[in-house]
Amino acid sequence: MSSSNNQAVVPSAVLNETQWQQINHAIAPLNKDQLTWMSGYLAGLANSQTAGAVPATVEAVASEKVLTILYGSQTGNAKSLAQDYKNQAESAGITVKLLSMADYKAKQLKNETHLVIVVSTHGEGDAPDDAVELHEFVASKKAPKLPALKYAVLGLGDSSYEFFCQTAKDFDQRLEALGASRISDRVDCDVDYDSAAKAFIELVTSQLKEELTTKQSQVVQLPVSANAPVAAVSEYTKKNPFTATLNESQKITGRDSVKDIRHVEISLEDSGIEYKPGDALGIWFNNDLALVEEILALTGVKADEEVSVGGDTLSIKQALIEKLELTLSYPTFVKSYLEVAANDTLQALFDDKAKLRNYLSERQIVDIVKEFPTQLTAEQLARALRPITPRLYSIASSQADVEDEVHLTVALVEYDVDGNERVGGASGFLSNRLEEGQSVRVFIEPNNNFRLPENPDTPVIMVGPGTGVAPFRAFMQQRAEDEAKGKNWLFFGNPTFTQDFLYQTEWQRFVKDGVVDKISLAFSRDQEQKIYVQHRLLEQAKEVYQWLEEGAHFYVCGDATHMAKDVHDALFSIIQEQGNKSEEEAQQYLNDLRRAKRYQKDVY
């Protein structure tokens with residue numbers, strides 16, 4: 001039986017009013033899975049007390065201040081750091097609640113006393129999918145005043161982009177505006193974030209330790225089932241990659257295509273690595289030897305001079321091949337280079353952020369050195385460059401189908417700078433420099449924000465132009481293996497039908513076999529007026545909305561800058577018009593889709 005405010009009526013003989021309020025406060029931020037776990041935990045606690053078991057120590061949390069850690073993570077890095085911080089805080093005796101922003105009730109914010117936010121930024125300053133709703137709430141007029149809240153923010157981003165760590169900046173500024181006070185200054189981490197994140201974790205922990213360290217503990221026994229499943233964890237990670245073998249790198253666009261796109265197959269034999277459709281594969285790559293030699297010649301650095309990079313001592317030539325980022329340009333290089341080059345033109349460019357951003361987007365490190373030449377020492381060159389970072393590629397295969405292989409769809413990045421051909425680091429490595437049978441270091445980057453529905457009967461709409469089609473190939477392989485009954489609809493686009501229909505024969509077979517029910521194609525250059533996937537969505541608006549009303553999950557993969565935004569706008573219009581909804585109602589419909597994990601994006 002429930003009261004009018006939907007809270008259970010509890011006999012006073014069981015709990016007093018204060019106890020009931022404490023319990024409600026403690027469980028308010030928990031999601032369904034966490035509540036289910038808690039129910040089993042409490043039942044086990046009751047049994048252990050009845051049996052007189054000798055319990056383990058657990059902090060009493062109901063009447064104490066608690067540190068809440070919220071993460072917003074697109075690829076998993078922010079989640080991993082939040083987990084690391086939770087472990088360190090608990091080791092220091094601090095009671096912690098760790099939650100994804102997607103599972104956090106925004107209105108609970110007013111009840112928090114201590115909060116740490118770990119959040120990434122993607123696209124053009126966009127919040128990750130699991131942070132969108134909280135991000136919008138904090139920025140809205142509905143956000144409460146928070147004078148009692150103490151907080152700290154750790155941001156993850158890439159300084160090569162205009163809106164570096166923008167989501168973290170937004171949270172930091174809004175919480176301050178709402179009256180909260182900082183535990184410490186916000187830290188904005190670049191792609192090489194390990195040391196900065198570690199320093200942040202240590203600083204915030206030391207600031208909170210005295211205030212939040214548990215003074216008293218009570219003893220409880222955690223019930224453990226003898227048959228409890230243990231999740232398989234690979235020994236191979238970003239820091240400890242698996243040395244795999246390239247089986248195949250085959251061009252799958254036509255001879256006259258404006259794109260060079262490769263289907264890449266990599267053997268994971270004997271690794272024990274497991275992955276799911278929706279995950280990404282991290283690729284550690286070596287820089288092109290010719291590019292390295294050109295930079296050494298331009299800077300006057302001798303190839304055998306030794307430098308220290310990441311704790312390793314090695315020749316500058318080896319460091320440039322294996323350790324340092326050369327194919328992406330970034331402001332921190334220009335800043336360090338100016339300390340030696342002292343060039344007025346380059347300084348003026350550096351001082352104009354918009355011009356610098358445009359300049360760097362079209363050039364590699366070698367082009368900057370070539371345009372503004374100066375002699376460097378090996379140490380100056382190494383210090384100016386940031387560490388190389390692995391590239392992540394959406395996996396284009398299901399392990400249920402390909403077993404000990406992993407497949408990728410890789411677009412070769414290539415462009416001209418003043419008559420010089422430049423290619424991307426990882427894409428050039430996989431497409432041009434790595435030969436079949438040679439080694440490549442890899443690891444799995446799980447993406448729990450991009451998963452097939454648990455119910456195989458659920459309909460699926462997939463929007464994946466260009467290489468964005470990769471994870472949907474994996475999705476359909478998996479659904480074919482599972483003999484899933486749910487309907488599947490693909491929206492695919494590229495420049496031309498004859499040159500750029502990626503995996504055409506496979507998609508035709510999926511249709512023939514009844515795995516895929518519908519394919520809507522948008523080849524932009526096959527007619528005078530360019531047509532893209534968002535146009536096909538709008539053309540099929542009535543049926544798209546019908547699928548959504550039937551419970552379909554909606555997925556988008558590919559370019560974040562333009563395509564994903566255009567598709568989002570089209571989806572919003574479809575919901576508003578076909579559902580006869582106001583703007584506010586359509587936005588709520590989208591939020592509900594996102595919250596139910598029925599609207600998921602893998603964009604880059």
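# Notebook: strands, salt bridges and cysteines

**Strand β3.** I began with β3 in this predicted model: V96, L98 and S100 point one way from the strand, K97 and L99 point the other way, and all are buried (under 20% relative accessible area; exposed is over 50%, partly exposed in between, with a 1.4 Å probe and protein chains only). In a regular strand the side chains alternate between the two faces of the sheet. I noted that β3 covers residues 96-100 and that 5 of its 5 residues are buried. Helices (H or I, at least four residues) and strands (E, at least two) are DSSP runs, numbered from the N terminus.

Which strand does β3 join in parallel over 5 bridges? I found β2, residues 67-72. Two strands count as paired if DSSP finds at least two bridges between them. T68 stands opposite K97 in β3.

**Ground rules.** Residues are numbered from 1 along each chain as its sequence is written, and side-chain values use heavy atoms, with hydrogens and water left out. As the model is predicted, local features need pLDDT of at least 70 and side-chain atom pairs count only at pLDDT 80 or more, while totals for chains, interfaces and linings use all residues.

**Confidence.** I looked up pLDDT next, the predictor's confidence in each residue, from 0 to 100. The protein chain averages 88, and 86% of the residues score at least 70. Residues 1-14 stay under 50, and the model gives them 10 contacts beyond four places in sequence (contact means heavy atoms within 4.5 Å). The pLDDT is also below 50 over residues 215-232, a stretch with 30 contacts beyond near neighbours in sequence.

**The open sheet.** I then traced an open sheet of 5 strands, in the order β21-β20-β19-β22-β23, with parallel pairing. Each of β21 and β23 (599-603) has a single partner strand, so one side of each edge strand has no neighbour in the sheet. On average, neighbouring strands here are turned by 10° against each other, direction ignored. Axes are lines fitted to C-alpha atoms, for helices over the stretch in contact, and angles run from 0 to 180 degrees between N-to-C directions.

How many bridges pair β20 with β21? I counted 6, in the parallel sense. W489 has K518 in β21 as its bridge partner. I also saw that α20 packs on the sheet, where it touches β19 (460-463), β20, β21 and β22. The direction of α20 makes about 135° with that of β20.

**Salt bridges.** The structure holds 29 of them, each a side-chain nitrogen of Lys or Arg within 4 Å of a carboxyl oxygen of Asp or Glu.

- R473 bridges to E506, with the closest N and O atoms 2.8 Å apart. R473 sits in helix α16 (residues 470-482) and E506 in helix α18 (residues 504-512), 33 residues apart. Buried or exposed? R473 is buried at 5% relative accessible area, and E506 is buried at 16%.
- K487 and E550 meet at 3.1 Å, N to O. K487 is in the loop between α16 and β20 (488-494) and E550 in the loop between α20 (541-549) and β22 (553-558), so the pair ties together parts 63 residues apart in sequence. K487 is partly exposed at 28%, as is E550 at 41%.
- E543 and K518 meet at 2.5 Å, N to O. With E543 in helix α20 and K518 in strand β21 (residues 518-523), this pair ties together parts 25 residues apart in sequence. E543 is partly exposed at 28%, and K518 is partly exposed at 22%.

I also noted one network, in which salt bridges with shared partners join D172, E176, R182, R186 and D188.

**Cysteines.** How many disulfides does a search of the whole structure find? I got 0, taking a disulfide as a pair of cysteine sulfur atoms within 2.5 Å. For C189, the closest cysteine sulfur is in C165, 6.7 Å away and too far for a bond. C189 is buried at 1% relative accessibility, and C557 is buried at 0%.

**V301.** My last stop was V301, in the loop between α7 (289-299) and β12 (306-309). V301 is buried at 5% relative accessibility. Leaving out residues up to four places away in sequence, V301 touches L296, I316, L376, T377, A378 and L381.
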